Amino acid sequence: MFTDTHLKTFRRNGCAVIADFILPEQVSTLRQRIDELLRSFDPENHPLTTFATGQSQQQQPDIHIGDQYFFDSADKASFFLEEGAIDNSSNGGRLTVDAPRAINKIGHGLHLTEPVFTQLTHSAQIKDIALKLEYKDPRVLQSMVICKQPGIGGAVPWHQDSTFLFTQPLSACGFWLALEDCTLDNGCLEYIPGSHLTTPVTRRFVRKQDNSGTEMVSITTPDNTEVKDISGNGVPIEVAAGSLVLINGQVLHRSSHNYSAKSRWIYTFHIVEGTAEYDQRNWLQMPAGAELTKL
């Protein structure tokens, strides 16, 4: 299913689309489990941790409230809420929509906790792609469902995944699977073709040294290039349910606010090279005694 043409496109553009990667019945099975998870969410016993996207290159996405809940999510199915789903004018905040519709994403360890996602993540097709991408020891991290809820699904500005999934050398690759049709109306991916070859990663998202939260820190690049604000439109990636989008960790991509009446459910996970250095500054750390999952 992952052809030489896909590989050449991925090398050249930093993204590649594999249509019909999974069958409709597989999409239905995954959607059914997501629906069950959404309905199990209990806001009364939740810190109302949000996924705050930020709106510029300086104000990066993935800045979270409730950092300990965020830190503890590496091997769990944790719930993160849409910013637009919480009214903070009341003491402690309250949901403005029904609980299942308040969820932005469920993560970051679905490949460890949910059998249907484990099976997909470790499928022969995924392993074949990692092999053709020349990973020696691929490791899985940050698996999650992103719901992009109708009307309130937040925009995610231009970013590079390697900023948040940092290794030395850089090695992150995203596997982004559409579980609904993804269009410009409901906030599909957009990207800048070839930006993985021209735009260095100049910052990384880390835990603060006192473990009190997270911050963005500058890193040295070979030519000290500074990434300026990105403006204008990228190339939209409109795909049907069942399609897989591969995303190089250095490619610039974003998604717009979902003002439509239709959600945009996707399942995504990343792999990094197990032979690369994955250090203790990274926000995602497995519990003591555990390691990033071998693919």
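Predicted model: local features only at pLDDT ≥ 70, side-chain atom pairs only at ≥ 80, totals over all residues.

Trainee: What makes strand E15 count as mostly covered?

Mentor: Strand E15, residues 244-248, has five of its five residues buried, and buried means a relative accessible area under 20%.

Trainee: Which strands pair with E15, and in which sense?

Mentor: Strand E1, residues 15-18, pairs with E15 in the antiparallel sense over four bridges, and Ala16 stands opposite Leu246 there. E10 and E15 also pair in the antiparallel sense, over five bridges, with Ile247 in E15 as the bridge partner of Gly174. Since at least two bridges are needed for two strands to pair, the four bridges with E1 meet the rule, and so do the five with E10.

Trainee: Why is the contact between Glu180 and Arg31 called a salt bridge?

Mentor: The rule asks for a side-chain nitrogen of Lys or Arg within 4 Å of a carboxyl oxygen of Asp or Glu. Between the side chains of Glu180 and Arg31 the distance from N to O is 3.3 Å, so the pair qualifies. Glu180 lies in the loop between strand E10 (173-178) and strand E11 (189-191) and Arg31 in helix H2 (residues 24-40), so this pair ties together parts that are 149 residues apart in sequence.

Trainee: Are Glu180 and Arg31 buried or exposed, or something in between?

Mentor: Glu180 has a relative accessible area of 9%, which is under 20%, and therefore counts as buried. Arg31, with 27%, is partly exposed, because its value lies between the limits of 20% and 50%.

Trainee: Which other residue forms a salt bridge with Glu180?

Mentor: Lys262 does, with the closest N and O atoms 3.8 Å apart. This pair links distant parts of the chain, 82 residues apart, with Lys262 in the loop between strand E16 (253-255) and strand E17 (266-273) and Glu180 in the loop between E10 and E11. Lys262 itself counts as partly exposed, at 40% relative accessibility.

Trainee: How do you know that Glu114 and Arg33 form a salt bridge?

Mentor: Their closest N and O atoms are 2.5 Å apart, and this value is within 4 Å, so the pair meets the rule. Glu114 lies in the loop between helix H4 (110-113) and helix H5 (115-121) and Arg33 in helix H2, so the pair ties together parts that are 81 residues apart in sequence. Glu114 counts as buried at 8% relative accessibility, whereas Arg33, at 25%, counts as partly exposed.

Trainee: How many salt bridges does the rule give, and which residues do shared partners join into one network?

Mentor: The count comes to twelve salt bridges, and salt bridges that share partners join Asp137, Arg139, Glu291 and Lys294 into one network.

Trainee: Which peptide bonds are cis, and where do they fall?

Mentor: The bond from Gly107 to His108 is cis, with omega near 15 degrees, and His108 is found in strand E7, residues 103-108. The bond from Gln168 to Pro169 is also cis, with omega near -5 degrees, and Pro169 is found in the loop between strand E9 (156-159) and E10.

Trainee: What lines the largest pocket, and how many of its lining residues are charged?

Mentor: The largest pocket holds about 340 Å³ of space and is lined by 18 residues, of which Arg11, Leu133, Tyr135, Leu170 and Ser171 lie nearest its centre. Its lining divides into eight nonpolar, six polar and four charged residues.

How values were computed: Residues numbered from 1 in each chain as written. Heavy atoms only, no water. Helix = DSSP H or I, 4+ residues; strand = E, 2+ residues; numbered from the N terminus. Buried < 20%, exposed > 50% of the residue type's maximum accessible area, 1.4 Å probe, protein only. 1 Å grid on protein atoms, 1.4 Å probe; cavity = no way out; pocket = protein on both sides within 12 Å on 5 of 7 lines; lining within 4 Å. Points joined across faces, edges and corners; volume = space filled by probe spheres on them. Nonpolar A, V, L, I, M, F, W, Y, C, P; charged D, E, K, R; others polar.
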